[in-house]
Amino acid sequence: MEKLKILNKLYFKNFNKILITLFVAILISISTFGCQRVIDFIFKEEPVTPIPMQEIILYFSKCGEKECFLMEEIREVELNKDLQLILMEELIKGPVSKELSPTIPNSTMVNSIKIEEDLAIVDFSKDIILDQQIPHSSTTEPLAIFSIVNTLTELPQVKRVRILVEGKSEGEIEGIAIEDFWGHIGIQEIFERNEEIIGPKG
């Protein structure tokens, strides 16, 4: 009988050890799994959403032996802001092709641009009329104006364009009349697309 009691004690003692060992193992597993989840949560990389791309058409100048005209240049851009602003900023950067020439001084800034129904109103910094990086002439002025107009009217909702300088369509900036722009056509009117100033493709 005494022997049986000893065996029972040994059995329960070993059984308790096994239970404790299992319990500790379970706690360690839960703890490790939980810590790993916390670590994963803290250090996990958020999926990067790619910025959508779009092809745009810009108009730059090209001069032949007898005349100058506008030619389109197609490029792909990131849609990281309003498309109308992208168009103007890319136009100011100038062409990629060496066969084409810029139409607007690259010091120019876009102060604002908005679309009201079918009218795009674009406001440039004063550099567009003060900077003579591009010579001001009766040839370069229409190319500058209609590079802006024809580029913006590539947007399906835009049919007309108004050009402002420092928020104004008239008055003077440093002795230059805003409405005269580069001194020839002027910007008194609202412009529509001009297909005749676009040169032959190819």
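## Basis

The model is predicted, so local features need pLDDT of at least 70 and side-chain atom pairs count only at pLDDT 80 or more, while totals for chains, interfaces and linings use all residues. Residues are numbered from 1 along each chain as its sequence is written, and side-chain values use heavy atoms, with hydrogens and water left out.

## The sheet

Helices (H or I, at least four residues) and strands (E, at least two) are DSSP runs numbered from the N terminus. Strands count as paired if DSSP finds at least two bridges between them. An open sheet of 4 strands has the order β3-β4-β5-β8, with mixed pairing. The edges are β3 (110-116) and β8, each with a single partner strand, so one side of each has no neighbour in the sheet.

Strands β4 (residues 119-124) and β5 (residues 160-165) run parallel and are joined by 6 bridges. Ile121 has Arg162 in β5 as its bridge partner. Strand β8 (residues 191-192) runs antiparallel to β5, with 2 bridges between them; here Val161 stands opposite Phe191.

## Ala120 in β4

Ala120 is found in strand β4. Ala120 is buried, with a relative accessible area of 1%; buried means under 20%, exposed over 50% and partly exposed in between (1.4 Å probe, protein chains only). Contact means heavy atoms within 4.5 Å. Leaving aside neighbours within four places in sequence, Ala120 is in contact with Lys114, Ile115, Leu152, Val158, Arg160, Val161 and Arg162. Ala120 and Val161 are 41 residues apart along the chain, and their C-alpha atoms are separated by 4.8 Å.

## Helix α4

Helix α4 (residues 140-152) has 13 residues and reaches 19 Å from its first C-alpha to its last, close to the expected 18 Å. The expected span is 1.5 Å times one less than the number of residues. Of the 13 residues of α4, 13 are buried, so the helix is largely enclosed by the rest of the structure.

## The nonpolar core

A nonpolar core is a set of buried Ala, Val, Leu, Ile, Met, Phe, Trp, Tyr and Cys residues joined through side-chain atoms within 4.5 Å. The largest has 43 residues, and those with the most contacts inside it are Met88, Val122, Phe124, Ile148, Leu152, Val161 and Ile163. Helix α4 gives the most to this core, with 7 residues.

Beyond its neighbours within four places in sequence, Ile148 is in contact with Met88, Leu91, Ile104, Val122, Phe124, Ile128, Val161 and Ile163.
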